[in-house]
Number of protein chains: 2
Amino acid sequence: MRNRFDTQLTLLNKEIIEMGALCETTINDAVKALIEKDKELAKKTIEAEKQIDQKEKDIEALCLKLLLQQQPVARDLRLISAALKMITDMERIGDQAADIADIVMLADLSLPTDFKDIKQMAEATIKMVTESVEAFVQRDLVLAKEVIAYDDVVDNLFDVIKNEVIDTIGNMPKQSREEQNKMGLDVIDILMIAKYFERIGDHATNIAEWVEFSITGTHMEQEE
Amino acid sequence: MRNRFDTQLTLLNKEIIEMGALCETTINDAVKALIEKDKELAKKTIEAEKQIDQKEKDIEALCLKLLLQQQPVARDLRLISAALKMITDMERIGDQAADIADIVMLADLSLPTDFKDIKQMAEATIKMVTESVEAFVQRDLVLAKEVIAYDDVVDNLFDVIKNEVIDTIGNMPKQSREEQNKMGLDVIDILMIAKYFERIGDHATNIAEWVEFSITGTHMEQEE
């Protein structure tokens, strides 16, 4: 019985790693589509989000099978509960990446920017997603805590971008109202994209908190 | 058997109406907390979101019981599938309302504004939530379509607020950089709140689309 359970747990790990990899690719593609103004890639990203949704359903079914057939207790039960919670956050990460791609599809961003901070936000959130999944698979509490702390990096970048947006709009050359609004709306799109990254960071933090719960039995929210 | 099914369907309707009412109250309280700078009410709103989460779980359990015990087909099956999908959107509406309350809790908004457009967005989204639930309960296709069309009103209000934000930041009196940034950040908080309302409108649209599916068997996305 235990052997069967271990085999299924290995499969669960494999599936979660795959779902994590899909999230990373989707974030990566969304930011690439943004920087290279590549609407084809943006479209691809929006479609990839459906794969993530499917993966969530597959893993959910696997977890329910594990719960029903194996009736796990204690740490095993926590592990599967954590997996069930984690995939909800991973699915939402996919949503946010698709939301970024949506802006690339709809808007015609023509800003003279190298997206330095946006790129950093993308890198930081990809790192958080990778490491939170790694922490789950390796049952690594230290790594989970590192991910949770790293969310400050993402939040700080978001603050930097907010201030940049204020400066940019505040110092816009006085052009025709129409030109001014076009430029302002582009800047606001950048802000929205930054907001989506900030949210991705929140979801990666949630994942790491569920990893913590699966190892220690205590969830962050209960500690407060 | 059919009678038992009908009794359970009546219970399902009742539960969904209650979940809808919770969403409406939460949106209402979030905007009230914002306008009256009432942090206590904001805190209450964030807590109310947990009731919505619980309601989602209850309705999910009821739907699964209906599916397992009654093995419904055709229209009945669509109805229960639609209910399962709708509650995900309702739960996210609760999340967005709590996000608005979060801003009220954290920020110290000191804008000389009467929040006219934000109030209109709140009213418009509450109307959408109420009517989409009403459309589900009454199996009212016309009302569902009206809700879907009404999302344009919310989107337009969001555009108005975006332009106001650009104008406000663009025309900020030249103060010290510190004062300027404080004011700019307040304005951006308003923009974020507007974004949450825009999202609530999207979720209400999703609900109405699931109602349409439950009646016609065709889902919006499949029509494209």
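Me: Is F213(A) buried or exposed?
Reply: Keep in mind that this is a predicted model, where local features need pLDDT of at least 70, side-chain atom pairs count only at pLDDT 80 or more, and totals for chains, interfaces and linings use all residues. Residues are numbered from 1 along each chain as written, chains are lettered from A in the order written, and side-chain values use heavy atoms, leaving out hydrogens and water. Buried means under 20% relative accessible area, exposed over 50%, and partly exposed in between, with a 1.4 Å probe and protein chains only. F213(A) has 14% relative accessibility, so it counts as buried.

Me: What kind of aromatic pair do W210(A) and F213(A) make?
Reply: Rings of Phe, Tyr and Trp (its six-membered ring) pair if their centres lie within 6.5 Å; planes under 30 degrees apart are stacked, over 60 edge-to-face, the rest tilted. Here the centres are 5.5 Å apart and the planes sit at 90°, so the pair is edge-to-face.

Me: What is the angle between the planes of W210(B) and F213(B)?
Reply: These two also form an aromatic pair, 5.5 Å centre to centre. The pair is edge-to-face, and the angle is 85°.

Me: How far is the charged end of K127(A) from the centre of the ring of Y150(A)?
Reply: A charge sits over a ring if NZ of Lys or CZ of Arg is within 6 Å of the ring centre and within 35 degrees of the ring normal. The charged end of K127(A) does sit over the ring of Y150(A), and its distance from the centre is 5.0 Å.
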